[in-house]
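Hello,

Here is the structure I promised to pass on. Please open it first, then read my notes below.

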Amino acid sequence: MARYQLLYFPLRGRGQATRYLFIDKGIVYEEINTGNNWVEDFKPKMPFGQAPLLKDLENGFEIAQSNSMIRYLGRKEGLYPEDIKEAAKVDMICDHIEDIRGPYVRMIYQNYENGKDDFVKSLEEKLQYIEKLFKAWGTDYIASKISFADYNLLDLLDDLVISSATCLDAFPTLKAYYDRMASRPALKKYRESEEFKKMPVNGNGKQ
Ligand code: 0HH
């Protein structure tokens, strides 16, 4: 029986990190397609007028904002480090992810033709910070065990590699991390599925 509902459009976008967490941890969830009559049936019910929304079917609680959703799952599903320094590591990587995802989303939806080259150029600086931290921390995941933030980073790296196939070439530690995440058995199987392959990355066909 489903434990959660994920209400979102049928695209990767801001729902994919949560899907990865569910799939990797074997958590049964149900997708509700908010694209069916979005303006009339869904938008007015969303706390901030936007999707995604996560519903916890065990207690009826509803969470908006993709980063809050995945943090909630982190806390509830034992995927948030208990040690405060380890928790700070996953938090800081999540904040840095948002510093990349924000400009990515603006580039995709508002300035693709004129902005993509500059966005791709900006990645070299932004990714080298993660490379340096990962080398210093020396763990297989962001923290010593897998956490909610790893699914967020996997999804971000997917988007970046699609936009620029060579963007990880200068960062061997980050590239090895990406391959490690993508080859986790449940994720690998899902990423090879037609369901995943045919899911658009963004809502406007740009990537
Ligand atoms: N800060 C929020 C979060 O992280 C941002 C959510 C957001 O931007 O959760 N939601 C967008 C959909 S993601 C939204 O709800 C971008 C994909 C858009 C493609 C489909 C749009 C079809 C609309 C009919 N957008 C709809 C809206 O704001 O009304």
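In this predicted model, 4 strands form an open sheet with mixed pairing. Their order is β2-β1-β3-β4. The edges belong to β2 (29-33) and β4 (62-64). Each has a single partner strand, so one side of each is left without a neighbour in the sheet. From one strand to the next, the twist averages 20°.

Start with the pair β1 and β2. Strand β1 covers residues 4-8 and runs parallel to β2. The two are joined by 5 bridges. One place to look is Gln5, whose bridge partner in β2 is Glu30.

Then turn to the helix on the sheet. Helix α3, residues 66-76, packs there and touches β3 (53-56) and β4. The direction of α3 makes about 135° with that of β4.

Lys189 sits in helix α8, which spans residues 185-191. Is Lys189 buried or exposed? Lys189 has 11 other C-beta atoms within 10 Å. A residue counts as exposed at 12 or fewer, so Lys189 is exposed. Look also at Ile23, which is 166 residues from Lys189 along the chain. The C-alpha atoms of Lys189 and Ile23 are separated by 9.7 Å.

Best wishes

Methods. Residues are numbered from 1 along each chain as its sequence is written. This is a predicted model: local features need pLDDT of at least 70, side-chain atom pairs count only at pLDDT 80 or more; totals for chains, interfaces and linings use all residues. A residue is buried if 20 or more other C-beta atoms lie within 10 Å of its own, exposed if 12 or fewer, and partly exposed in between; C-beta atoms are placed from the backbone. Two strands pair if DSSP finds at least two bridges between them. Axes are lines fitted to C-alpha atoms, for helices over the stretch in contact, and angles run from 0 to 180 degrees between N-to-C directions. Two residues are in contact if their C-beta atoms, placed from the backbone, lie within 7 Å.
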